[in-house]
Amino acid sequence: MTARKSVVVTGVGATTPLGGDAASFWDGLLAGRSGVRTLTEDWAEPLPVRFAARIAVEPSELLKPVEIRRLDRSAQFALIAAREAWKDAGFEGKFAEPTRLGVMVGSGIGGVTTLLSAYDALVAKGPRAVGPRTVPMLMPNSPAAYVGLEFDARAGVHAPVSACATGAEAVGHAIEMIRSGRADVVLAGGTEAAIHPLPIAAFANMMAMSKRNDEPERASRPYDVDRDGFVLGEGSGILVLESAEHAAARGARVYAEAAGVGFSADSHDIAQPEPDGRGVAEALANALVDADLSPSDIRHLNAHATSTPRGDIAEVMAFTKVLGSAAENVAISATKSMHGHLLGGTGAIESVATVLALHHRQAPPTINVDQLDPEITLDVVRDKPRALPEGQIAALNDSFGFGGHNVVVAFRSA
Amino acid sequence: MALTQEEILADLAEIVEEVAGVDKEEVQLDKSFTGDLDVDSLTMVEVVVAAEEKFGVKIPDDAVKDLSTVGDAVSYIEKNQAA
């Protein structure tokens, strides 16, 4: 049997509610800052939820006016994060071997603000007012396509869509794309720009969102007894994944090994998580096998933990079931307490955080846990960052989406 | 009151700059939209819709085909603008 290709992470980029690049995002995580704010727009007034985690740096500060005009906000975020990741990996301009470069960038909802504003224009001014770029802006593969155009990716440009599991799923498929030999380098991640009254009203009416309007910075509180739902965020994370051989040949800096991925589907309900965490456990077990890890190797988990009453418990139950007593040695961080829930972007920025945690040997904190839910018996990193052990260790990032999609990505320290 | 050729060119150059990201100084009568200014077919539709609004003219799709240079567009607008 031939040895399987190893895949490594050589670049990271992010634009998030905590900072406009990966470094400021990481600083915000370690500082335990909240990126959640009251929405002051007029349209927010009648909504049951009037707060969200907007990105820290508006795209108009970084992109040309014509790019702002032609790209949906979700694609603007992805392009910003991809340019940062590309440069961070040591690349410049277009890729030298286009047929060996791939893109795997998804979003949960696609160009929803483009779609809705085009509809407003149609109703107000008629069909001639619907711009000829509406379709290429609203299609969910638009961010992936623009990232591909930017760097000349011709090995394949893909856009996984699996609601809140999208970003992690993209990273997982990128690992497989490189292992299969289809590409040497893949830009992978997710993006979302859905802070608009329609998605907010829809999620709020599912009873999925926190309604703590008087304390927005304290609203995202995974594992706390008083958690009442998720907080919507926006932004994008992109990782440069590369075959270990390709990275070594060009002397690239390696943050971590993208060691493997586990997928599963609940087949239970379109929106509710399977209450015992069966599907989550299957994805976790699959990830350990795929990455060739034993439970005792895992020392950090960037949890999905969206701050919903049931979801947070199901995830921890699954984790304990698969890792057994080794689960007690895992430093668990629920970073959504700070950056909110970026839907299709979330697994991507959390993968960036997981990779940086291994690189810096620091687990970021979970904020707003005033009183830990007694059903959470594992080691939650609270309020301050925690040093991770030296030596070879591994960390996991898990993500789950409406539709019953479960993804666990495993990283190993470099 | 009808606009002069110079006035139409100045306003059209602003539209092309905004829509296509081309410096308005580059937008001269002898320039070709596709060859010189990198205005592709989708961008041309945006230019046309913005020009219709700005100058109060109708530019049907059949007419757009004949507008290959900036000068063609300026002449069309000059001839068809509301008196």
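Contacts between the two domains of chain A involve 66 residues of domain 1 and 64 residues of domain 2. The model in which these contacts occur is a predicted one. The domain assignment places domain 1 of chain A at residues 7-249 and domain 2 of chain A at residues 260-413. The centres of the two domains, taken over C-alpha atoms, lie 20 Å apart. Between them, domain 1 and domain 2 of chain A bury about 4800 Å², and carbon and sulfur atoms account for 69% of this area.

The contact between the two chains draws on 8 residues of chain A and 15 residues of chain B. Chain A and chain B bury about 980 Å² between them, with 43% of that area on carbon and sulfur atoms. On the chain A side, the residues that lose the most area to chain B are A:R69, A:R128 and A:P132, which together make up 59% of what that side buries.

Within chain A, helix α7 and helix α13 (residues 346-360) have axes that come within 5 Å and cross at roughly 65 degrees. In this pairing, A:G167, A:A168 and A:V171 of α7(A) meet A:G347, A:A348 and A:S351 of α13(A). By class, the contact of α7(A) with α13(A) comprises 3 nonpolar and 3 polar residues, and no charged ones. The loop between β5 (156-158) and α7 (166-179) of chain A holds A:A163. The phi of A:A163 is near 50 degrees, a positive value in a residue other than glycine. For comparison, most residues other than glycine have a negative phi.

The crossing of α10(A) and α11(A) is right-handed. From α10(A), the contact is made by A:R278, A:V280, A:A281, A:L284, A:A285 and A:L288, and from α11(A) by A:A318, A:F319, A:K321, A:V322 and A:L323. The residues of this contact of α10(A) with α11(A) divide into 9 nonpolar and 2 charged, with no polar residue.

In chain B, helix α1 packs with helix α4 (residues 70-80) at an angle of about 120 degrees, and the axes of the two helices are 10 Å apart. That angle makes α1(B) oblique to α4(B). The crossing of α1(B) and α4(B) is right-handed. Residues B:Q5, B:I8, B:L9 and B:L12 of α1(B) meet B:V70, B:A73, B:V74, B:I77 and B:E78 of α4(B). The contact of α1(B) with α4(B) contains 7 nonpolar residues, 1 polar residue and 1 charged residue.

Chain B also contains a residue with a positive phi that is not a glycine, namely B:D38, for which the value is about 60 degrees. B:D38 is placed in the loop between α1 (5-20) and α2 (41-55) of chain B.

How values were computed:
Residues numbered from 1 in each chain as written. Chains lettered and ligands numbered in written order. Predicted model: local features only at pLDDT ≥ 70, side-chain atom pairs only at ≥ 80, totals over all residues. Heavy atoms only, no water. Left-handed = near helix turned anticlockwise from the far one by under 90°. Helix = DSSP H or I, 4+ residues; strand = E, 2+ residues; numbered from the N terminus. Contact = heavy atoms within 4.5 Å. Nonpolar A, V, L, I, M, F, W, Y, C, P; charged D, E, K, R; others polar. Domains from an automatic or database assignment. Buried area = accessible area lost by both parts, 1.4 Å probe. Axes fitted to C-alpha atoms, helices over the stretch in contact; angles between N-to-C directions. Parallel < 35°, antiparallel > 145°, perpendicular 65-115°, else oblique.
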